[in-house]
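Dear colleague,

Please find the structure below, handed over for your work. The findings follow directly after it.

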Amino acid sequence: MRIQYKKKQANLNLYLGLIWFTNGIVQTGFNENAGWYNYFWFLFSGFYLITYFYQKKEQYLTIENGIIKQNWPFGKKMNLNEINRIRHFGGEYTLKSEIKKMKINITLIEKESLSELRIELKKLNVEWL
């Protein structure tokens, strides 16, 4: 099961990438004395565009084979059967086991995917705080 980003969140990265790219063209193309620092706009643009395509491809979370995994570089993963407690506070779920802790920002999740996530988490026999 894939838990998707909100379309608004993913599209924000696309728009910012296009804005930075346009700004880079303006700064380097129309400026006679363009310095090396003007090319950083293209780096900013590349970062946002790569983030957009990564979010569209990978989504926010994946729940498969009893494992919940955050799909971003250096994202955490936990076995569902190791989770002892789930805390819902301030727009996020905090999943806790004896040795691990994972925070899930629910404001980034699409409505339909959020209801699927809640259903999956409710299936676990854990303490809710």
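Contact means heavy atoms within 4.5 Å. Helices (H or I, at least four residues) and strands (E, at least two) are DSSP runs, numbered from the N terminus.

This is a predicted model, in which local features need pLDDT of at least 70 and side-chain atom pairs count only at pLDDT 80 or more, while totals for chains, interfaces and linings use all residues. Residues are numbered from 1 along each chain as its sequence is written, and side-chain values use heavy atoms, with hydrogens and water left out.

Two strands pair if DSSP finds at least two bridges between them. Strand 6 and strand 7 pair in the antiparallel sense over 5 bridges, and Glu-92 stands opposite Asn-105 in strand 7.

In the loop between strand 6 (92-96) and strand 7 (101-105) lies Ser-97. Ser-97 counts as buried because its relative accessibility is 9%; buried means under 20% relative accessible area, exposed over 50%, and partly exposed in between (1.4 Å probe, protein chains only). Leaving aside neighbours within four places in sequence, Ser-97 is in contact with Met-78, Glu-82, Ile-83 and Asn-84.

A further open sheet has 4 strands in the order 1-2-3-4, with antiparallel pairing. Its edges are strand 1 (2-3) and strand 4 (77-79), each with a single partner strand, so one side of each is left without a neighbour in the sheet. Strand 3 (residues 67-70) pairs with strand 4 over 3 bridges in the antiparallel sense, and the bridge partner of Lys-69 in strand 4 is Lys-77.

In helix 1, Ala-10, Asn-13, Leu-14, Gly-17, Gly-24 and Thr-28 are buried. The buried residues of helix 1 pack against helix 2 (40-58).

The whole structure holds 9 aromatic pairs. Rings of Phe, Tyr and Trp (its six-membered ring) pair if their centres lie within 6.5 Å; planes under 30 degrees apart count as stacked, over 60 as edge-to-face and the rest as tilted. Trp-20 and Phe-44 form a tilted pair, at 5.8 Å centre to centre with 55° between the planes. Trp-20 lies in helix 1 and Phe-44 in helix 2, so this pair ties together parts that are 24 residues apart in sequence. Trp-41 and Phe-44 form an edge-to-face pair, at 5.8 Å centre to centre with 70° between the planes. Ring pairs link Trp-20, Trp-41 and Phe-44 into a cluster.

**Charges over rings**

A charge sits over a ring if NZ of Lys or CZ of Arg is within 6 Å of the ring centre and within 35 degrees of the ring normal. Arg-87 lies over the face of Phe-89, at 4.8 Å from the ring centre. Lys-122, in helix 3 (residues 111-123), lies over the face of Trp-128, at 4.3 Å from the ring centre. Lys-122 counts as exposed, at 56% relative accessibility.

Yours sincerely
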